[in-house]
Structure formats: C-alpha cells, structure tokens
Amino acid sequence: MTSRPWLPPHPQCYNNLVEAYTMTRTTTSQKRQAKAKQRRRRTAQERLRRDQAQAQRAVEALQQALQALDLPETLIAEIEGRLRSQQQLLGKLFGLMFPSLFGCRTTAELCRVRGWDKNLPSRMLGALPKRSWLKRLRRLGLDVLIPLWRRVQDKSPATRSRWQWTWVADDSVFKKYGQHLELVGTWWSGQEKRVRPGIDGVLLVVVIGDGKLVVPVDFAIRRPDPHGPGAPCRDKLSWVQGMLDERLAALGRRGLRLPAPIVVADSWYGDSKLMRHVSAQHQGTFLVEGKNASVFTLPDGRQVKGRDLVTHVDWPWRDSPWEPRVRYARLRANSPTYGPVTLVMVDDPGQDRFYLMCLTTALSAPQLIRRWRRRSWIEHCFRTLKHLLATEACQVQSEDAYYGHLVLRLMGCFILFYTTRVICTGALTMEEIVFSLKHYWRFVDSEALELQGLSWHPEPKAA
C-alpha cells in the first residue's frame, strides 16, 4: 500500500488558527484584567472599611481618655461661666485641641469645616486669663502624678524602679512674626541652628519609667522685652528653677514622700548655681551634657578639657550592662566652676562620643546614662506639638488667648500620649491616630464630641 504524499495545509487554515489563538489570548487577558480590577476594588473597599473602623476606635479611645482624665467637665464649666453661655462646648474644645484630626491646620479652617462662628475660638481661648490656663495645666499634672505615685510608693524597690520619675526641662521656639502680642522676639532655634523670630516657651515634664508616660507639669513663655517690674527678661535658668521648686512644693503639700529628684537637660542648662540649688534644696541631681570648653582636674593632678574627654581613648572603659555595644567610663574630677563633679564618658556606635556631668553623686554610670536617655522624650513632645498638632498655626490676637492656645495643645499632646500608652497599650501610635482621623473624620461617630458620621456604607465610587 503506497502512502499518500504530505501536502502543506492551505494558508486559510493558518489564518484561522492565528485568529482563534488571538481571540483566546484577548479573552483571557480581558478576564484577567476584569478580575484584577474587581479584586482591587474589593481590596480598596475593605481597606476603606478597615481605616474607617480604625478611625472610629481612635476617636472612642480619645473620648475614653478625656473621661478618664476628668478634664472636660471642670474646664468647660469654667469657660461656660466666663462666656455666660450654657451651650455644649466639649466638641468645640476637642476641635481646638486637635484641629489636625479634622484635616485643618488653623482654627479658621476648622470653623469653615464645622460651620462654627469664626470668632468662637478667640472667645473661648480668651475667656480665661493666662494664670487660669497655667493653673489648669499644673493641676492636670498633679492629678495624674499623685495617684501614680501613691499606687507604687508602698511596693517593692523593683516595682518602684519601673515607675521612676525623671524631670526633664527644655525650651523651644514657636515660629511667629509681628510684635502685636508683645511675646514675639528673636531667639536661638536649636532646630534651625539660627536666630529667628518667634515665641520662646520653657517646658517642664516628668517622664515615667522609660517613657511609659510623659506628663507636662509646668510651662512658661519668656518675654523678649518686658515693661515695668521684672525687667529685663527672665532667663530660662531662673524659669526652670522656679518651676521645679513650685512643682516639688505642690507635691509635698499633698503628702507625697518623693525620692530625690533627678533632672536632665541640655548643656546650656549647666549652670553651677542651678546645679548647687537642686543638690542643696532638694538633695537631687542635675545631669547635663558636658561642654567642650569646660576644664577639670583629675585625681592624679592632670588638667583636661571637655574636648579631651571625648577624644582620648585611655579611659577605664566598661561595657554597659543594659545597652549592647555601648561603653562608658566614670571619673571623679574637680572643676573650678562646679567643684567636685562626676563625669561619665559614653561611647555609642550610633553617635558621636559625648560626656555627661553632674555634681558628685553615688549613682552608677549606667543609671545616669539611662536617665539621660529619657531626655529625648521632651524632643518627642515638642515634635508632636509642632508637627502633629500644628501649634505654630495660631491666629489669636491677645496674650491670654495665646496662652490658652498653647496650654490646650499641651493638654492635647498629653491626651495623645495617654491614649496611645495607657488605653491602646502601644497598639496604635500617635501618628496613626492623627492620620486615620485626619482622613476619615467624616465617618466617625461620637455623640459626646459632637461628631456625626456622614456615611458608614460608601459606594464603590467613594472608595
């Protein structure tokens, strides 16, 4: 049987095969794109619902913090009495504390968004004199610190060590132009490394433990050119000394038996009179970062400068028991300015070598280094005030109103700390709370804060 010869297929067959293959590929690609689009839409909807639920949890946590601190009832009652009105002011007070949570930077924008009277923020902030605003802030600090200490004062030393108090003092310049407030002057800004116009504020906080809670206890604004009694300007060293003495005296009047305070501050607070005052008056320790130009005499008679302490390597270095890869050296020396002092050189691979200085103390070097680390929390506090809460965006025209603005933002900063650290136990950060409420405040619902959700079931187009 002879085999039939092979013949090539007709060209039309090739065309049909190519068309079928192309149609199959096109249909598969379209189906794949449709499924991906549907999946993205479903993912966007789920993400939106998840973010809305997180914003709702955040606003409920903030409301719980306000109720736990018992702040609104007393403050609102006094403001209502001064304004001679019985309207509900909790929602408006909450808006003034956290304008950035509503996507607004200034109170004028907040009034446009919420439909308020544009003069209401100025009337509320100016209702109380500056002494009343500062009194509210100091009372808030006492109301928070006293129950905390009474809770642990009878516990074991190990328990009390986890709730140690570290007093931290620092100043910051809030950007401001114009002379209409008589508070605006030219100050050195550590953040911008230059002299700039603004309002210089001095803040005293208490850091609980390693940052479990940061409680503002006192605040002051330095006048650049005061008139009348008290001129010239009171320097920040006097402010810190006065605030520390008053707060410790107020705690003592409440019957608290506090240990000797440990105060940490930047190098420009290293004044010999202030350090001796803290040591003699309160039997405490004032710890600062040493200066390069300071002169010390070592026990062997050698004279060294501060720059020599951070450049020489022939010190008795030891490894820190609490921080890996960190070395320290502890020395006793004598200073012509400070007298007997304790010097601690710190060699941290993550930063330049530096040294700490305080008057002679029995505290070990690791304890001093750990206390010094808590100084960064006041920087975190100022960063929260300036960036998250937009403290510099203020448009009031009176001094009392500006004090109210700053004190309310300080209270708002503490409420954010309290919410994230105590109520949310670290599950949410302040940045996450501010971001979620800033973008989804239209969907949160809180009757106490006068927030009504506009929609809980957005359409796919809204996603």
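**Glutamine 283 and beyond**

Author: Glutamine 283 lies in the loop between helix H9 (272–282) and strand E6 (285–289). Keep in mind that this is a predicted model.

Reader: What is the phi of glutamine 283 near?

Author: Near 50°. That is a positive value in a residue other than glycine. Most residues other than glycine have a negative phi.

Reader: Is glutamine 283 buried or exposed?

Author: Exposed. Its relative accessible area is 57%, and the cut-off for exposed is over 50%.

Reader: Which residue besides that one has a positive phi although it is not a glycine?

Author: Alanine 390, with a phi of about 50°. Alanine 390 sits in the loop between H12 and helix H13 (399–423).

Reader: And alanine 390, buried or exposed?

Author: Buried. Alanine 390 has a relative accessible area of 3%, and buried means under 20%.

Reader: Which one gives the largest share?

Author: H12, with five residues. The loop that holds alanine 390 runs between H12 and H13.

Reader: How do the lining residues divide into nonpolar, polar and charged?

Author: Five are nonpolar, six polar and twelve charged.

Conventions:
Residues are numbered from 1 along each chain as its sequence is written. This is a predicted model: local features need pLDDT of at least 70, side-chain atom pairs count only at pLDDT 80 or more; totals for chains, interfaces and linings use all residues. Side-chain values use heavy atoms; hydrogens and water are left out. Helices (H or I, at least four residues) and strands (E, at least two) are DSSP runs, numbered from the N terminus. Ala, Val, Leu, Ile, Met, Phe, Trp, Tyr, Cys and Pro count as nonpolar, Asp, Glu, Lys and Arg as charged, and the others, Gly among them, as polar. Buried means under 20% relative accessible area, exposed over 50%, partly exposed in between (1.4 Å probe, protein chains only).
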